[in-house]
Amino acid sequence: MTPVLDIKGLTTEFRVKNGWHAAVRGIDLSVNANETLAVVGESGSGKSVTALSTLRLLPQTGARISRGEVGFGGRDLTKLSEREMSRIRGNDIAMIFQEPMTSLNPTMTVGDQIAEGLLIHRGMSRTEAAKEARRLLDEVRVPDPARRVNDYPHQFSGGMRQRAMIAIALACRPKLLLADEPTTALDVTVQAQVLSLLDDLKRDRGMAIVFITHNLGVVAQIADRVAVMYAGEIVETATCDTLFADPVHPYTEALLKAMPRVDRKAESLEPIPGSVPSISARPAGCVYAPRCNYVQPSCAAHPSLVPVGGNHEARCPVRADKGEAA
Amino acid sequence: MIRYVIRRLLLAIPTLLAMLTMVFVLVRLVPGDAAVSMLGDQASEQALDALRARLGLDQPIHVQYLTFLGDMLRGDFGTSMSSGRSVLSEVWQVLPYTLELTAAAMVIGVLFGLPLGTFAALYRNRWPDYTTRLLSLTGLSFPGFVSGILMLLAFAVWLRWLPVMSSASSDPLTHMRNLALPALNLGLIMTAYITRVTRSSMLNVLGEDFIRTARAKGVRPGPLVMRHALRNALIPIVTVVGLYFGTLIGNSVLTEIVFTRPGLGKLILGALQSRDYTLLQGLMVIFAAFVILVNLLTDLIYAAVDPRVSYAK
Ligand SMILES: Nc1ncnc2c1ncn2[C@@H]1O[C@H](COP(=O)(O)OP(=O)(O)OP(=O)(O)O)[C@@H](O)[C@H]1O
Ligand SMILES: [Mg+2]
């Protein structure tokens with residue numbers, strides 16, 4: 001089966017002061033239809049930049065995709081014109097943004113904002129689109145949708161805005177959904193509802209989902225596969241079960257240890273010391289080495305992502321060897 | 001919306017009172033005796049006393065204040081010392097000319113300023129932006145009367161396309177030809193100003209997250225600007241342009257004088273030259289009331305553009 005999205009060697013750079021620095025480097029990612037790929041990693045590891053590069057929504061100045069390709073529907077999205085991209089955006093690929101408070105237009109009703117994509121891509125009449133907007137709001141569990149479609153975003157709570165964002169993204173039934181922290185502003189019950197809604201959509205429509213999150217608890221609930229990102233690189237990918245049971249990369253291990261769980265006391269949590277280096281201060285060798293407990297002299301060379309068994313890949317020669325020796 | 005309008009109207013009352021008090025104090029702060037400066041120092045003591053009594057200047061200050069407030073609030077601005085006609089009728093007679101001029105300038109400013117500012121923002125830091133910015137900076141740093149004189153020289157004296165003096169005329173075509181130069185002069189200043197405000201407001205809005213959301217929906221550049229960016233950019237533009245209105249009236253006064261056009265400008269100049277205190281006082285109050293009214297209108301337009309304002313409790 002050919003994947004819906006096939007990213008190869010993606011490198012995206014930003015201009016900082018006078019130089020270009022890579023925010024993400026050599027990213028390889030693929031997602032199949034009817035599959036949810038979770039992308040996890042600390043703040044600043046490049047999750048949003050990866051998603052924004054896919055849809056070519058980076059800032060128009062001071063940002064560039066310098067290498068790699070984004071395969072979608074047999075085409076390389078990095079080569080398309082803006083006009084061709086606008087036919088794909090919102091139609092074949094939709095994105096839910098991380099910032100629900102600022103991502104809606106304050107001078108347009110929520111209903112009109114949901115209907116807009118339908119008017120552009122589906123050629124619906126205004127009445128049909130308005131009706132569909134109402135149905136979508138209902139689908140994402142916004143109470144009293146018939147009245148709420150006429151509200152402006154400031155009349156919505158944070159959680160409701162996030163649900164409105166989801167409705168906008170789902171409107172044209174995209175083949176691929178890029179969901180950037182879509183459930184952060186939601187309380188636990190609504191979060192569970194939204195996650196199960198996304199799961200249903202994936203199954204019913206065969207949608208491919210890239211689900212970006214900090215929250216490993218959510219990953220366990222929704223993901224089929226996981227990609228762990230650190231400092232602009234993918235450091236480990238595996239199926240969800242393998243990753244939780246048998247992490248190879250020291251960073252993945254540290255993330256799992258830092259994750260709160262019901263069966264463990266808060267004291268046993270081990271926060272990762274230090275933080276993700278900024279894009280202009282990335283180490284030359286292994287990017288994780290400065291924070292790593294297993295560091296070896298060989299870590300001064302930049303490691304590549306290598307298979308460690310099955311579909312499991314990790315970017316750590318030290319631990320990969322250990323895994324094979326054991 | 002109705003509640004917002006009522007609240008905003010109520011808020012205008014203290015502003016109005018403060019303004020009236022200031023005019024009252026200002027007029028009384030003018031050094032020297034008002035009666036003496038009006039009649040000249042040759043006048044007899046009797047004549048001076050009579051004038052003081054007529055102006056109410058012999059009353060205690062608080063009585064003067066209350067009488068002044070009462071008169072102003074009833075719309076009684078007194079009679080002009082020099083013409084003997086009521087201040088209000090003097091103003092009514094020339095007000096249409098000034099309003100016509102400011103309105104024409106505003107229309108020119110909006111018609112050219114909005115597209116130019118948007119254009120500059122869309123081509124940020126490329127040559128269309130630099131050109132527009134240079135032009136608007138030139139427009140803003142030129143004093144209105146200097147550009148007025150230059151225009152008169154160019155269009156009226158040198159090219160002879162338009163009249164030098166823009167006096168009143170009942171023929172609509174002549175009327176428009178008379179209006180053209182002063183309106184263009186004032187309109188260019190307004191254009192420069194609106195261009196600048198639009199550019200910076202537009203740049204802010206284009207960097208907002210919701211613009212990215214719209215692009216992610218597949219909205220094309222045209223609708224992106226018209227439907228998503230412009231309306232949001234208008235919010236600060238309306239406010240700033242409203243605030244500029246006071247300056248615009250000031251500029252229109254200068255423009256009227258340069259083009260010898262009837263209007264408030266000429267009236268003020270006359271009142272100053274003839275030391276007509278009642279007329280000046282009345283003009284000050286009417287001017288200030290006008291600015292308050294425009295600010296009120298600005299807030300109402302603002303509320304119409306931004307749903308967050310009118311819905312707020
Ligand atoms: N417009 C930009 N200009 C310069 N640097 C940027 C820009 N956008 C992102 N970056 C940098 O790129 C890196 C990756 O950012 P990104 O937003 O992808 O992180 P993230 O993984 O999504 O983090 P979070 O979990 O906080 O959302 C960060 O170091 C960030 O500072
Ligand atoms: Mg992010």
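**Exercise 1. Describe the fold of chain B, and state how many helices and strands chain B has.**

Solution. Chain B contains 13 helices and 0 strands, where helices (H or I, at least four residues) and strands (E, at least two) are DSSP runs numbered from the N terminus. The model is a predicted one, in which local features need pLDDT of at least 70 and side-chain atom pairs count only at pLDDT 80 or more, whereas totals for chains, interfaces and linings use all residues. Residues are numbered from 1 along each chain as its sequence is written, chains are lettered from A and ligands numbered from 1 in the order in which they are written, and side-chain values use heavy atoms, with hydrogens and water left out.

The next step is the extent of the chain: along its principal axes, the C-alpha trace of chain B spans about 85 × 60 × 35 Å. Of its 313 residues, 43% count as buried, a class that means under 20% relative accessible area, with exposed over 50% and partly exposed in between (1.4 Å probe, protein chains only). Among contacts in chain B (heavy atoms within 4.5 Å) between residues at least 6 apart in sequence, 74% join residues at least 24 apart.

**Exercise 2. Identify which elements give two or more residues to the lining of the largest pocket.**

Solution. Begin with the volume, which is about 960 Å³ for the largest pocket. On a 1 Å grid over the protein atoms alone, a pocket is an open set of points with protein on both sides within 12 Å along at least five of seven lines, a cavity is a set where a 1.4 Å probe fits but cannot get out, and lining residues have an atom within 4 Å of a point. Of the 28 residues lining the largest pocket, P59(A), Q60(A), T61(A), L206(B) and R215(B) are the closest to its centre. The elements that give two or more residues are α2 (82–88) of chain A together with α5 (87–122), α8 (172–206), α9 (209–216) and α10 (221–258) of chain B, and α9(B) gives the most, with 4 residues.

**Exercise 3. Locate the protein donors of the magnesium ion (ligand 2).**

Solution. The protein donors are S48(A), through OG, and Q98(A), through OE1, lying 1.9 to 2.3 Å from the ion. Donors are N, O and S atoms within 2.8 Å of the metal (3.2 Å for Na, K and Ca), and water is not among the atoms, so sites may look incomplete. Because S48(A) lies in helix α1 (residues 47–54) of chain A and Q98(A) in the loop between β6 (93–96) and α3 (110–121) of chain A, the pair ties together parts that are 50 residues apart in sequence. S48(A) is partly exposed, with a relative accessible area of 22%, and Q98(A), at 26%, also counts as partly exposed.

Technical notes. Points joined across faces, edges and corners; volume = space filled by probe spheres on them.
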